Amino acid sequence: TTRAGQRIKGTGWIAGERLVMTAGHNLFLHNRGGWARSVQVIPARNGRHAPFNSFTVTASKLITTHGWKERQELSSDVGGIIIPSEYSSEFIPQIGFFAIRALDDATLRRARTNIVGYPVRVYPVGSQWWHGRRVLPELGERTFRYNIDTTVGQSGSPAFVLHNGERFVIGIHNVDVGRFNQAVRVNSEVLEKIREWKQIANDDA
C-alpha cells in the first residue's frame, strides 16, 4: 500500500530466514510518495489459498539500494523485506529459501532461466505462473535480458536456474525493455548486498 493508499502487487522470494527479496520499485515508489506505507506478504500463495496466512510490515522493515532510491537506476532496482522474527519460524522450516549464485558470462549464456511469480491479470486471482527460456547472449555486468513473457505483478520474481537438482537465483526480474524483459543480475556486488541485508534482518528486533 502506497502513502496515498493505492494498492499495488508484486512478487518476492525468500532469501534467508528473515529476508524476502523483491524489486526495489515494489517498495520505494518515486512517483507515489517514496516508501510504501505497508507491505502484506503472503508466503506460498496458491490462488485464494494462503497456507501460511500472511504478515504485514511497515516502511521501517523495508530496504532498497542507494542507486534505486536516489537515482532510480534500473540496474539497482532491488529491495528487501525484513520478516518479523515471531513470524519466520511459522513457515521458513517448511518452505526454506533459495540458494543464490553469481554466474560467469559463459555459464549464464548456457543457462535456461525460469521466472516464477504472481501476475495480476490472471484467473484465479493469486495464481503462480512460470516460464523458462535461455538468457539472451548480450549480457551486461549488472543486468541480463530474456524473451520470457511477464506482466504486471511479476516484478521482483526470482530468475533462477536448476542445476544438479538445486534451484538457485541468478537475477531479480524488474522491467520490460522494448521486446524483451530484464533482471538485475546477481553479481558479486548484489551477493554482498544480500549478505548485508540478511545480517540487518537477523539483527532486527
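Helix H4 (residues 188-203) buries Val190, Leu191, Ile194, Trp197 and Ala201, where buried means under 20% relative accessible area, exposed over 50% and partly exposed in between, with a 1.4 Å probe and protein chains only. These residues lie on the same side of H4 because they cover an arc of only 125° around the axis, the arc being that of the directions from the helix axis to the C-beta atoms. An α-helix has 3.6 residues a turn, so residues three or four places apart point the same way. Ser188, Glu189 and Asp203 are exposed on the other side of H4.

The model is predicted: local features need pLDDT of at least 70 and side-chain atom pairs count only at pLDDT 80 or more, while totals for chains, interfaces and linings use all residues. Residues are numbered from 1 along each chain as its sequence is written, and side-chain values use heavy atoms, with hydrogens and water left out.

H4 has 16 residues and reaches 23 Å from its first C-alpha to its last, close to the expected 22 Å; the expected span is 1.5 Å times one less than the number of residues. Helices (H or I, at least four residues) and strands (E, at least two) are DSSP runs, numbered from the N terminus. The N-terminal end of H4 is capped by Asn187, a side-chain oxygen of which lies 3.1 Å from the backbone nitrogen of Glu189. A polar contact is a pair of N or O atoms within 3.5 Å; within protein, one must be able to donate a hydrogen and the other to accept it, and residues adjacent in sequence count only if both atoms are side-chain atoms.

Strand S2 (residues 19-22) pairs with other strands, pairing being assigned if DSSP finds at least two bridges between two strands. Strand S1 (residues 13-16) runs antiparallel to S2 and is joined to S2 by 3 bridges. A hairpin is formed by S1 and S2, with 2 residues between them. Trp13 has Met21 as its bridge partner in S2.

S2 also pairs with strand S8 (residues 79-82), in the antiparallel sense, over 4 bridges. In S8, Ile82 is the bridge partner of Leu19, and Gly79 is that of Thr22. Leu19 and Met21 point one way from S2, Val20 and Thr22 point the other way, and all are buried. From S8, Gly79 and Ile81 point one way and Gly80 and Ile82 the other way, and all are buried.
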